[in-house]
Amino acid sequence: MSNESLDPRVNRLKLGEAGEIVKVEEGENWNIYEVFHQEKRGAHHEHVGCVHAPDPQLALVFAKEQFGRRKKCVNLWVVKSSDILAFDVEDEDMFANNLEKTYRDASGFKVMEKINKFKQSK
Amino acid sequence: MSYNAALTDLIIKMADDELIQGHRNSEWTGLGPVMEEDIAFSSMAQDKIGHAWALYRILHENLEGKDPDKFAFHRPEKDFKCSHLVEMPNEEYGFSLMRHFLFDHAEAIRYESLVDSSFEPFRMLSKKVKGELKYHTLHANAWIMQLSQAGEESYQRMQEVLNNTMALAAGIFEASPEYENILVTEKVYPGEAALYQRWLDRIYPILVKASLNLPDIKTITPAYGGRQGIHTPYLQPLLKEMGEVFNLDTEASW
């Protein structure tokens with residue numbers, strides 16, 4: 001028994017009775033792509049969100065609609081989310097800093113004062 | 001002067017195609033298969049209507065044409081010169097996409113050719129719409145590739161819809177018996193026959209890549225008539241709906 005739905009993805013998956021095993025054929029389901037947005041030439045591409053698309057080309061099209069239409073945009077990247085290698089959430093403790101070592105944090109350098117002083121001297 | 005009459009005829013043909021195609025595509029708003037595609041199709045529909053408006057303005061400013069809004073929404077059906085392709089109802093998404101693919105490549109080729117036009121407003125318009133048309137054809141190509149490779153049923157439906165749409169699409173290139181010569185001699189544009197050939201050369205490799213077979217061109221009878229004001233029964237209801245609000249009060253200012 002097929003479950004007629006307005007969502008084409010549901011129909012593609014041929015979801016039947018609850019409890020039936022659903023087998024997803026290759027190409028049947030869409031992938032998630034992470035989107036990176038470049039505001040001007042030479043600037044970094046910044047992560048802005050993700051889109052759901054059947055292939056990289058259409059991911060770019062969807063990304064343009066979703067993320068390229070409001071603020072200035074000169075280029076977009078899309079990367080399949082599953083191609084991103086990341087640490088496990090549980091490994092967060094690797095990044096924990098020893099309290100006595102805050103001098104290692106780049107954010108610890110107080111330079112604004114010096115910069116302002118330099119500017120004034122000009 | 002027949003040069004002006006010829007130019008006017010060409011602009012109306014191009015603009016009416018854009019307006020009616022834009023309106024048809026806008027009918028998908030809210031009904032697209034997925035949200036981003038819905039937005040994409042709607043946004044391209046707006047672009048088309050923008051192209052129509054730019055052309056009506058050229059008529060208005062350079063060739064003593066009427067106010068663009070009045071000309072678009074307050075004109076009897078027989079005065080429209082759009083091709084039959086753009087008048088057809090949307091039916092299923094496959095048809096709309098195939099029409100989008102065939103129409104937008106024809107459109108891109110036409111506007112590209114205008115970069116060398118002897119008519120200055122055409123040269124400027126050609127530059128202005130270049131980026132938009134690049135995106136429209138990229139979008140169309142991406143879907144044609146995707147759907148022709150999405151399994152047997154999908155492939156067959158794409159091939160079928162291509163077979164059924166080719167004659168309509170060939171109707172875009174209906175030359176005016178009266179004006180074609182003068183437009184080509186005056187180097188306004190390269191002429192419908194040349195554009196038709198360029199269009200076939202442009203879509204062929206994309207269709208090959210999608211494993212779709214281009215129907216034999218010799219067996220096709222292009223759907224002509226639209227350029228002479230003879231239309232399908234689908235245009236009149238569209239015009240009525242499109243102009244419904246405007247025609248409540250044609251003098252209102254928006």
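## The surroundings of Gly191(B)

Setting aside residues up to four places away in sequence, Gly191(B) touches Ala175(B), Glu180(B), Leu183(B) and Val184(B). Gly191(B) itself lies in the loop between helix 8 (180-185) and helix 9 of chain B. With 16 other C-beta atoms within 10 Å, Gly191(B) is partly exposed. Between Gly191(B) and Phe173(B) there are 8.8 Å in space, C-alpha to C-alpha, for a separation of 18 residues in sequence.

## Confidence in the model

The structure is a predicted model, and its scores are ipTM 0.79 and pTM 0.84. For chain B the average pLDDT is 95, and 99% of the residues score at least 70. Among the elements of chain B, the lowest mean pLDDT, 92, belongs to helix 3 (residues 68-73), and the highest, 98, belongs to helix 4 (residues 84-87).

Chain A has a mean pLDDT of 82, with 71% of its residues at 70 or more. Confidence within chain A is lowest in helix 1 (residues 8-12), where the mean is 63, and highest in strand 3 (residues 75-80), where the mean is 96. Where pLDDT is low, the predicted coordinates should not be read in detail.

## The make-up of chain A

Chain A contains 3 helices and 3 strands. Read from the N terminus, its elements follow the order α-β-β-α-β-α. Of the 122 residues in chain A, 14% are buried. When contacts in chain A between residues at least 6 apart in sequence are considered, 36% join residues at least 24 apart.

Met94(A) is situated in the loop between strand 3 and helix 3 (112-121) of chain A. This residue is exposed, because 8 other C-beta atoms lie within 10 Å and a residue with 12 or fewer counts as exposed. Met94(A) and Glu46(A) are 48 residues apart in sequence, and their C-alpha atoms are 25 Å apart in space.

## The contact between the chains

How many residues does each chain bring to the contact? Chain A supplies 11 residues and chain B supplies 9 residues. On the side of chain A that touches chain B, the largest share, 6 residues, comes from helix 2 (residues 56-67) of chain A. By class, that side of chain A has 6 nonpolar, 3 polar and 2 charged residues.

Helix 2 of chain A packs with helix 2 (residues 35-62) of chain B at an angle of about 75°, and their axes are 9 Å apart. Helix 2 of chain A is therefore roughly perpendicular to helix 2 of chain B. The contact of these two helices has 4 nonpolar, 2 polar and 2 charged residues. From helix 2 of chain A come Val61(A), Phe62(A), Glu65(A) and Gln66(A); they meet Glu36(B), Ile39(B), Ala40(B) and Ser43(B) in helix 2 of chain B.

## The nonpolar core

In soluble globular proteins, nonpolar side chains tend to be buried together. Which residues touch the most other members of the largest nonpolar core? Of the 77 residues in this core, they are Ala59(A), Leu10(B), Ile11(B), Ala15(B), Leu85(B) and Ala169(B). The largest share of the core, 10 residues, is provided by helix 5 (residues 93-113) of chain B.

For Ala169(B), the contacts beyond four places in sequence are with Leu85(B), Leu102(B), Phe103(B) and Ala106(B).

## Positive phi in two loops of chain B

Most residues other than glycine have a negative phi. Glu64(B), however, has a phi near 55°, a positive value in a residue other than glycine. Its place is in the loop between helix 2 and helix 3 of chain B. Glu64(B) is exposed, with 9 other C-beta atoms within 10 Å.

Ser211(B) is not a glycine either, and its phi is positive at about 60°. Ser211(B) is found in the loop between helix 9 (192-209) and helix 10 (235-242) of chain B. Is Ser211(B) buried or exposed? Ser211(B) counts as exposed, because it has 12 C-beta neighbours inside 10 Å and the class takes in residues with 12 or fewer.

Note on methods: Residues are numbered from 1 along each chain as its sequence is written. Chains are lettered from A and ligands numbered from 1 in the order in which they are written. This is a predicted model: local features need pLDDT of at least 70, side-chain atom pairs count only at pLDDT 80 or more; totals for chains, interfaces and linings use all residues. Two residues are in contact if their C-beta atoms, placed from the backbone, lie within 7 Å. Helices (H or I, at least four residues) and strands (E, at least two) are DSSP runs, numbered from the N terminus. Ala, Val, Leu, Ile, Met, Phe, Trp, Tyr, Cys and Pro count as nonpolar, Asp, Glu, Lys and Arg as charged, and the others, Gly among them, as polar. A nonpolar core is a set of buried Ala, Val, Leu, Ile, Met, Phe, Trp, Tyr and Cys residues joined through C-beta atoms within 7 Å. A residue is buried if 20 or more other C-beta atoms lie within 10 Å of its own, exposed if 12 or fewer, and partly exposed in between; C-beta atoms are placed from the backbone. pLDDT is the predictor's confidence in each residue, from 0 to 100. Axes are lines fitted to C-alpha atoms, for helices over the stretch in contact, and angles run from 0 to 180 degrees between N-to-C directions. Angles under 35 degrees count as roughly parallel, over 145 as roughly antiparallel, 65 to 115 as roughly perpendicular and the rest as oblique.
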